[in-house]
Amino acid sequence: MISNEIEGLHALVAQLDQQFDSVVELILSTQGRTIICGMGKSGIIGKKIAASFASTGTPSFFMHPGEAFHGDLGMVTPADIFIAISNSGETEEVLKLLPFLKDNNNHIIAITGNPNSTLAKNAHYHLNVAVPSEACPLQLAPTSSTTATLVIGDALTVALMESRRFQPEHFARFHPGGSLGRKLLSKVADEMIKDELPVVTSETPLGEVLNVMSKGTLGLTLVVNNGELYAIITDGDLRRAIEKYGKDLFDLQAEHIASRFPATIEPEVPMSVAYDKMQNKKINSLIVCNGSEVVGVLKK
């Protein structure tokens, strides 16, 4: 089955022509939105393509053909581009929209598996997604054909991104609530833990260190002398100390098991830099310092 779909994608590559470049240029030049329409499985793929467009700098939304014919066409302005998806190119619900789109002077892009279909012939541009066969053994369920349509949508998305020189920070602007938005838009000061930090001195007995670490719930304790960071004690430091000292552990002080020169970072540094630093050092925490003063802890 997978080999069948791969074969379909090889066919898709062979069918790419100047029409693809023309579609990219058209979308780049429009002052309107790119509206994507499709019925059934084609509609599901269309929703994904519209979402990819919108999140990468191409204003876009999906329009269900049934809803379009019952009022949603009012959202279509003459400046908009209309991408209609239908593997057969004969989907009735989509074809019924053509008279309006032509009268409204919309550019129509057809994505079909049949260049001789009604939809393809009535479009300004046609992207051929024909595949040798479906992966479905009955040749009924859309499988290879929907994969090809999804891939042509991804190819358009990437081509538009490259043409616009779309950068990670642009992507993050449209995803402020996701991990990428947090990484690229936030600074360390926005994400660090700064209240009730677990702090001891180098002379603090190990019994008290354990108590402070348990209350702090960060998996570490800061060792601070005279307001300046001296070292840290992590869960790993404690485990190694228990193995080394056994029952004599509680005769020690914090400085005896602490890790000197912990990794630090400044509060105004972008989160992207902080993530890279943690990744490179293979650590999960950074001590945030403003000069020599500890102001927070950043956890991955």
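What is the orientation of α1 and α8 to each other?

Reply: This is a predicted model, where local features need pLDDT of at least 70, side-chain atom pairs count only at pLDDT 80 or more, and totals for chains, interfaces and linings use all residues. Residues are numbered from 1 along each chain as its sequence is written, and side-chain values use heavy atoms, without hydrogens and water.

Helix α1 covers residues 2–15 and helix α8 residues 144–164; helices (H or I, at least four residues) and strands (E, at least two) are DSSP runs numbered from the N terminus. Their axes come within 9 Å and cross at roughly 45°. Axes are lines fitted to C-alpha atoms, for helices over the stretch in contact, with angles from 0 to 180 degrees between N-to-C directions. The two helices are therefore oblique to each other: under 35 degrees counts as roughly parallel, over 145 as roughly antiparallel, 65 to 115 as roughly perpendicular, and the rest as oblique.

On the α1 side, Asn4, Glu5, Leu9 and Leu12 make the contact (heavy atoms within 4.5 Å). Ser144, Thr147, Ala148, Val151 and Ile152 make it on the α8 side.

As for the strands, β7 (residues 220–225) and β8 (residues 228–234) pair in the antiparallel sense over six bridges; pairing requires at least two DSSP bridges between two strands. Asn225 stands opposite Glu228 in β8. Two residues lie between the strands of this hairpin, where Asn226 takes a positive phi near 55°. β8 also pairs in the antiparallel sense with β9 (residues 259–260), over two bridges, and Ala231 stands opposite Arg260 in β9.
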